[in-house]
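This report describes how parts of a protein model pack against one another. Please examine the structure below before reading on.

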2 protein chains.
Amino acid sequence: MIRLTLEQARELAQDILRSNGFSEPHVQAVTATVLAGERDGCASHGLYRLLGCVSSLKAGKVVADAEPQVFDQAPAIVRVDARGGFSQLAFQAGLPALLAKTRDCGIAALAINRCVHFSALWVEIEALTDAGLVALACTPSHAWVAPAGGTQPVFGTNPIAFGWPRSGRQPFIFDFATSAIARGDIELHRRAGQPIPLGWGIDAQGQPSTDAAAVLNGAMLTFGGHKGSALAAMVELIAGPLIGDLTSAESLAFDAGSRSSPYHGELIIALDPRRFLGEDADSHLGRAESLFASIQGQGARLPSQRRYQARARSAEQGVQIPQALYDDLKALILG
Amino acid sequence: MIRLTLEQARELAQDILRSNGFSEPHVQAVTATVLAGERDGCASHGLYRLLGCVSSLKAGKVVADAEPQVFDQAPAIVRVDARGGFSQLAFQAGLPALLAKTRDCGIAALAINRCVHFSALWVEIEALTDAGLVALACTPSHAWVAPAGGTQPVFGTNPIAFGWPRSGRQPFIFDFATSAIARGDIELHRRAGQPIPLGWGIDAQGQPSTDAAAVLNGAMLTFGGHKGSALAAMVELIAGPLIGDLTSAESLAFDAGSRSSPYHGELIIALDPRRFLGEDADSHLGRAESLFASIQGQGARLPSQRRYQARARSAEQGVQIPQALYDDLKALILG
């Protein structure tokens, strides 16, 4: 393992993205999210993702200097056309209108179209909880996951993220794949030559397997049986056809074997507690704290706590990544 | 088992509710949902629920003639105060404004407050898909379910329901408890003296149990481990404090041992595909059909199909309920 300060990790990411030709707004937006992932202990959404950024660019699957275009779609809908660029900049472009519409209408949606997507959703959710809003986000990916009762991939890993603002505290946030595990975690096992637990996926013959490579070539499974499968279908629908964008199967077909990041859309829904509650907002939001206390008081963990602990640790000690990954990343810097 | 035509089942429900003093709007609204549950093969949300309607009334926990009051809370929020009555009539009262706001703004929310709730959410979701809208609904219940990693009940069974309209076909709808199983199913096992599977719950000492009564006195578990637990927390938050209403723990405290239906709120979010998609709506909604075909084409089932099959069967053959339940129901008719 090699240790990097957060500043060193930031410079590494920026150097890779800049030297490969990404425009400065994309350099900054992508760096912010992979750095946040690494900092918060989410290796599968950390610096490792820069490998995919560059390979997607080399495969011609991402536009390095795309300028997102914002559309006022409806009183409570803002739409951003990412024009083939990474999703992060498109989210930033749509955020001011989403905040304004949510405060005006009480609830609003941001639909991001034609973006290349690999980011952890909780980074975007935090931007909304920081503004005092409740938020929900989801996106398809590539068709890697079989529906409950089936054996063929149809769904993406289809993450769902949710955030709840907490006065004077870090927000309550969860962000999980509706697959049994993130695909990045299976890829990290394959890179490390480690077996995966049963239940993560099936091989190309539809049989349960602990071989990471066999599952990557077969199908992943959803979490929670038919309920997780239903949620995965919901994500396909509301972050796909509902917003006029690709399903995971269509995104994988567009990828045409290049193994690039998925190209499709993302849906973010924001709700303003102050519009729902009026002047009683503070007292009702305070009651949510009783709920958190009753969870933590019995020794159970809130979903975001491990990330916040890693964040505090990284602020003091920096981050650690495998030497092999570091070497692969350094090799991406051109010129 | 005793067989009833749908008309006989309707008259039975109406006679029970009317003779116990419910106002005619509540008689009609409640009858419609318990009949829909029985008709669609959901015994746990069928005629059996009339036992709870009457016991809630006798315990003074529901207002038999409550008239819901509708508030225009924000451009995209309608709020209905159920004033202590059952939720169904409140939903009906808020539906026209929810439809209008969703069509105006693209996305809108209906918050129902101070309702007594026992209805299956898919009945309400169908009202929205029938209008061509995508819909999501959730509600807390009573604090019966332990968070992942804990042993004490905090969450309700906290169902999440989702619907997607399909042109010329029955909608794609799922409706599931974020608990491993609906509480009604455990109660039906207890009534029948049958053991429950491991994984549904733990006893009062926090140990896994197959004894339905022990689990009803201990804690139920969520589906899907920490992911299901996170979703249960989300439902508590967005259908509780966000809308100024009770959490499942607060609802159970209000119940004060009367074993009545939960008293709290419900959140329904509706999205209008035509506002998201404009004139391309039909072609994009058509692409959702490819998704459904790829699920069904490999022998996997869409979540709503079993209900629609039961619905078709009930239209021809009526419904069957246990003789003991029928006797219990007949005994509720007064005068």
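## The two domains of chain A

The interface of domain 1 of chain A and domain 2 of chain A holds 1 salt bridge by the rule applied, a salt bridge being a side-chain nitrogen of Lys or Arg within 4 Å of a carboxyl oxygen of Asp or Glu. The side chains of A:Glu126 and A:Arg311 form a salt bridge, at 2.6 Å from N to O. Domain 1 covers 1-58 + 304-335 and domain 2 covers 69-179 + 222-303 of chain A; such bounds come from an automatic or database domain assignment.

The C-alpha centres of the two domains of chain A are 22 Å apart. In this pair, 23 residues of domain 1 of chain A are in contact with 21 residues of domain 2 of chain A, where contact means heavy atoms within 4.5 Å. About 2,000 Å² is buried between these domains, with carbon and sulfur atoms giving 58%. Buried area is the accessible area (1.4 Å probe) that two parts lose on being put together, summed over both.

## Basis of the model

The model is predicted: local features need pLDDT of at least 70 and side-chain atom pairs count only at pLDDT 80 or more, while totals for chains, interfaces and linings use all residues. Residues are numbered from 1 along each chain as its sequence is written, chains are lettered from A and ligands numbered from 1 in the order in which they are written, and side-chain values use heavy atoms, leaving out hydrogens and water.

## Chain B against chain A

Chain B and chain A each bring 67 residues to their contact. The area buried between the chains is about 5,300 Å², and carbon and sulfur atoms give 75% of it. B:Lys227, B:Leu242 and B:Phe276 supply 14% of the area that chain B buries against chain A, more than any other three residues.

Between chain B and chain A there are 2 salt bridges. A salt bridge joins A:Arg287 to B:Glu250, with the closest N and O atoms 2.5 Å apart.

## A helix pair in chain B

Helices (H or I, at least four residues) are DSSP runs, numbered from the N terminus. The axes of helix 2 (residues 24-39) and helix 4 (residues 87-105) of chain B are 8 Å apart, and the helices pack at an angle of about 100°. Helix 2 of chain B is therefore roughly perpendicular to helix 4 of chain B, a term for angles of 65 to 115 degrees. Axes are lines fitted to C-alpha atoms, for helices over the stretch in contact, and angles run from 0 to 180 degrees between N-to-C directions.

Terms used: Helix = DSSP H or I, 4+ residues; strand = E, 2+ residues; numbered from the N terminus. Parallel < 35°, antiparallel > 145°, perpendicular 65-115°, else oblique.
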